[in-house]
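Take a guided walk through this structure.

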Amino acid sequence: MEARIFINAILYGLMCSSILSSAHAAAPADGFTINGRVKIPSAVVGAKGFGLQGKISDVKVILNGGQRATFLRPDGYFSFPDVPAGTHLIEVAALGYLFSPIRVDVSARNPGKVQAALTENRRALNELVLEPLREEQYYEIREPFSIMSIVKSPMGLMMGFMLIVVFLMPKLMENMDPEEIKRAQEEMRSQGVPSLANFLPGAARN
Amino acid sequence: MPTPIISLPLSLSLRTQIRQFSASQEIEGARSPPQAMAARVLSFYLLLFLSIAQLGVSLYEDQVGLMDWHQRYIGKVKHAVFHTQRSGRKRVMVSTEQNVIASLDLRHGDIFWRRVLGANDSVDGIELAFGKYVISLSSAGGTLRAWNLPDGQMVWETSLQGSKPSKAFLLVPTNLKVDKDNLVLAFGGGCLVAVSSIDGEMLWKKDFAAESLEVQQVVQSPGSDVIYVLGFVGSTQFDIYQINGKNGEVIHHETSNYAGGFSRNTLIVSDDVLVALDVTGSILITVNFQGGKVRIDDKPISDLVGYYSGQVELLALRLGRMFALKAHQHIALISVTNEGKLEVAEKVNSAAAISDALPFSEGQLAVARVHHEDNKVQLTVKLGNDWSTNLLDETVKIDGQRGLVQKVFINNYIRTDRSHGFRALVVMEDHSLLLVQQGEIVWTREDGLASVLDVTTTELPVEKDGVSVSKVEQNLFDWLKGHVLKLKGTLMLATPDDMVAIQAMRLKSSEKSKMTRDHNGFRKLLIVLTQARKLYALHTGDGRIIWSLLIGSLRKSDACGHPVGLRVYPWQVPHHHAMDENPSVLVVGRCQLSQDAPGILSFVDAYTGSEIESSGPVHDVLQVIPLPFTDSTEQRLHLLIDTKQRGHLYPRSREALGIFQQKSSNIYWYSIETGNGIIRGYAIKGSCIHEDSDDFCFEPRDLWSVVFPGESEKIISMATPKLNEVVHTQAKVMVEQDLMYKYISKNLLFVATASPKASHGIGSATPEEASLVVYLIDTVTGRVFYRMTHQGCQAPVHAVFSENWVIYHYFNLRAHRYEMSVIEIYDQSRADNKDVLKLVVGKHNLTVPTSSYSRPEIVAKSQSYFFTHSVKAITVTLTAKGITSKQMLIGTIGDQVLALDKRYLDPRRSLNPSQAEKEEGVIPLTDSLPVIPQSYLTHALKVEGLRDVITVPAKLESTTLVFAYGVDLFFTRLAPSRTYDSLTEDFSYALLLLTIVALVAAIVVTWIWSERKELQEKWR
């Protein structure tokens, strides 16, 4: 005996395939059936990805952290039969998407009443239709080549620094007061022009 | 771009770390190759760019396979169904003991598709249906699923809610149709159910449990719609039901009695004869039910097979008019004649394996028998109707390390000369899968690796003459050419062909798969123990198997009925100067699964893969404690604790005994009795006093015990720090130059208990009746340092202990979300060591040894965060010197491994961190932990059936090696703070060279300029 509680009245376009949901509950002895549907919007599928997104056959639906696991039918439906009354957790493991875990309350008092809510953002679901929160991009996107990336690289910076020294320093010298330059040059002369010879071992004797 | 805000502080803190690091490295700088020197010089420059570092690890798509490898397995095959139609791909559908249903390519053994069912969803049978579906029955007859043959898409799923546990059968009749709809029959939970093959809808159901019938067999009468259901009521009554397959109505029911009583071991022979054993197991009963009439005969087994001893077993095989009886050391193949007489056709050694009968042309059956001769395997295919005819007789040479043949499945094909050929799928003792055709092994799958029990690592040999295995040493020209190619790649000048060449070059780099030790410590051997009691050595570079060993001392013997492997430990780790000695590992096993079964120890050379020595069966082994001492041959001392808590010292040498007795006053251990909720601490009392003891046995002394109240707390999880973890600094600098001392002790134990209702899975407890209590206990004194209660929280708890903190994952029922909490503990007694003077001469100065008995003042800080996923395993990164910041590695329910920076789990996170805190890297508080897709270590892969993740430090401080195992294996290396101490893989040497050339040219040019200018100045 199945009592369908929610009846799907919403029709989606072709792009987003339609949904039905549900919560029916057959009530033999102590178990109820949780029925639901995973919907991966087809607009997202294959837009960009690694060829694994949108493969509905790889999606696994997990009840209570691994107590039971099931797979999706071609139309995206799944069901967990014989679930005792209580509050349960459903997770969807789909490579390429992040799904929020879903809190599902199966009520013992009025059989068939199933309430569901996303645990991540506490949004209540009227019907058990699970959609991904977002797509997951597992790889960094390589920045396209730009001259800036060369300039920012260590070698680029070294070059840049050298160029500044070579071309900008003389300019700075030019702008200096000629008097000051003369004084500086004199100072240098009095100290002796530093040359490579000074650093050689033999040079000290001269 | 995740969290760019905190990027700058990260680079600051890293800079200080690197200074410390390079200082410690400088000492051994003389040995470093030039590459590392260059790396050190350049690290300064790299530091400038660390400011763009993120908290996660991330990978570009073209880097896949550079440092990671992934291997896909299915596990030990238990059913196989061939699908070899004329056209299209030839495949074989298998189900395994790891609950995998897979479709394999019959030509190469590759996986077309596979589905890993839930952990409690073991497969009872698979069948092909109507050429387009694979039907599987699982969960002891509870779930029936149909899978699309080409792609493995689940088509329908039906739950058979039986009323009581029973045997499970799957029957796909070929000609049973209702309105053009084929039926699938399944028996499970005491009910026989017929299901439509189109949508899985239940057509009829017949409950036999209500009639207290224990159903033994379900068979279809050949060529008709009648289904026979055979079973016992009580131990002496035999019942047979004839059921109309179309509607489930009982056509006929007959009972019969046998005074001797039936055992539950039965077998169907040739559609109308049931063979059973009597209660004593010494008499063979044949029940002929042809046409619904029951006739029972019996015959003592000894009349048939002569003298035998021990248990008799009917092998679950379908052999046409024959059956196989396993008695003593032999398998007797017994045929049933048309008159119902039993005749022994052949007796073979019990090490043989026999396949089911395969109908291959009109009315003919083929049966394969595989048995061992020396180190060869004899495959014989016989005609089922006439056992003396051999259809095929081949000898195949199979690697001795694969052990005995366990199972064989055959399939026939038409040869070009229109004769019948046979191929055999063979399951070996090490769980590997082989396809044998025309006397040769076509392909092999190492599916033993799907059931890894434990892992350890050893170093590879040091490179020296005669040791190097690498054949492709690149010359300078090739090297340069490679780098020019790479440069072209970076400058976007490469043609598509070049790109392919670059990628191939990167993946094939001979550097990573060499058989010698490398400077960075990336190349190691992973020594893996599997459920099949086989040891494998895998190379970390590319995951290939270096050697494998079916451990001889862990094989089935008279002394040891069902040996199991337990753990593997590094036994002897020679110092890196001792080049002639090979490292070895210790494998600990048991004779049976039960804890008090005798233990078996095996010592295996880690380079050659040969067993050096073994002992056993010895005393039982409850736990193994590797001690921090080694003897003069660098064998590590191990203390093996038995169920009476006596310690047994290994190695068994005088020298080891001497070392042990010196230190024995400082050896403590504890035992956790999960059932009773007691943790007890022990120390060494003295030598054993019981009769058959030796010098290496030690009596325990009870020190302390912690008893948890049984009615409100049940132990559900524990965690200890890793013994090989290195902690770099004891102090933690807080805001405003404040100093906190981490309380670091290897003798800490984290225990989580839950109220009895909350210790089961989610969905069984309400928030009011659930509570979770966590404890930090010192295992030397038994002192409880810290206790915290989480109201409304429940199991499962996964915890990891590192340095001075514990992180644990549990379920919060009130929020109905998972949470992760962190506890950090600090030593308050040393908090006044604020300046150098106090540090040197103060009360708690550096020279005061820390002792568990000194009653430290502990301060604990704690914080909880929400976490999205269920967790299968948690571990933490380990690095060589413990300087690099830590990341948590979380194995999620989706079988991925997520890296999460420890700083997200910092108890000091607050809503508005002060400026100083921000500088230090404290992240503003959020209620939940971020799941950054780029920080999945497994990127776009899944480690199906993930069970555990282990980390091993590399020699390079920044890097950890990560190995995740389940049904699949995955290995990668990870740099939690990026590789600050070496150049990355894609560092462009060519660009560096180009820059240097450009700089030299610039120098020359400017020099000439200046000379010329000077000359002009002088002429003026």
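Phe801(B) stands opposite Val806(B), a residue of strand 57 of chain B. The model shown here is predicted. Strand 57 covers residues 805-812, and strand 56 of chain B is its antiparallel partner over 7 bridges. The two strands form a hairpin with 2 residues between them. In that hairpin, Glu803(B) takes a positive phi near 40 degrees.

A residue counts as buried here if 20 or more other C-beta atoms lie within 10 Å of its own.

Now turn to a residue with another setting. Asp702(B) is found in strand 49 of chain B, which runs over residues 697-707. Asp702(B) counts as exposed because it has 11 C-beta neighbours inside 10 Å. The cut-off for an exposed residue is 12 or fewer. Which residues does Asp702(B) touch, leaving aside those up to four places away in sequence? They are Arg680(B) and Tyr682(B). Ala683(B) is 19 residues from Asp702(B) along the chain, and 6.7 Å separate their C-alpha atoms.

Next come two open sheets in chain B. Strands of a sheet pair through backbone hydrogen bonds, either parallel or antiparallel.

One sheet has 4 strands in the order 23-24-25-26, with antiparallel pairing. Strand 23 (312-314) and strand 26 (342-349) of chain B stand at its edges. Each has a single partner strand, so one side of each is left without a neighbour in the sheet. On average, neighbouring strands of this sheet are turned by 25 degrees against each other, direction ignored. Strand 23 of chain B pairs with strand 24 of chain B, residues 322-327, over 3 bridges in the antiparallel sense. Glu313(B) has Lys326(B) in strand 24 of chain B as its bridge partner.

The other sheet has 3 strands in the order 60-61-62 of chain B, and its pairing is antiparallel. Which strands stand at the edges? They are strand 60 (871-876) and strand 62 (897-901) of chain B. Each of these has a single partner strand, so one side of each has no neighbour in the sheet. Strand 61 of chain B, residues 887-892, pairs with strand 62 of chain B over 5 bridges, in the antiparallel sense. Ile890(B) has Leu898(B) in strand 62 of chain B as its bridge partner.

Step back to chain B as a whole. Chain B holds 9 helices and 65 strands. Of its 1020 residues, 41% are buried. Among contacts in chain B with a separation of 6 or more, 53% join residues 24 or more positions apart. The chain is divided into domain 1 (74-257), domain 2 (471-513), domain 3 (622-707) and domain 4 (990-1020). The centres of domain 1 and domain 4 of chain B, taken over C-alpha atoms, are separated by 85 Å.

One stretch of chain B carries a label from a record. An unreviewed UniProt entry places the feature "transmembrane region" at residues 987-1010 of chain B. This span is 92% helix and 0% strand, and its end C-alpha atoms lie 35 Å apart.

Chain A has 4 helices and 13 strands. It has 206 residues, and 29% of them count as buried. Among contacts in chain A with a separation of 6 or more, 49% join residues 24 or more positions apart. Here too UniProt gives the annotation "transmembrane region", from an unreviewed entry, for residues 155-173 of chain A. Residues 155-173 of chain A are 100% helix and 0% strand, with end C-alpha atoms 27 Å apart.

Finally, where do the chains meet? The contact takes 43 residues from chain A and 48 residues from chain B. On the chain B side, the elements that give two or more residues are helix 2 (34-49), strand 9 (154-159) and helix 9 (989-1019). Helix 9 of chain B gives the most to this side, with 7 residues. By type, the residues on the chain B side divide into 24 nonpolar, 17 polar and 7 charged.

Notes:
Residues numbered from 1 in each chain as written. Chains lettered and ligands numbered in written order. Predicted model: local features only at pLDDT ≥ 70, side-chain atom pairs only at ≥ 80, totals over all residues. Contact = placed C-beta atoms within 7 Å. Nonpolar A, V, L, I, M, F, W, Y, C, P; charged D, E, K, R; others polar. Pairing = 2+ DSSP bridges. Domains from an automatic or database assignment. UniProt positions renumbered as here; feature names shortened; annotations may be inferred. Axes fitted to C-alpha atoms, helices over the stretch in contact; angles between N-to-C directions.
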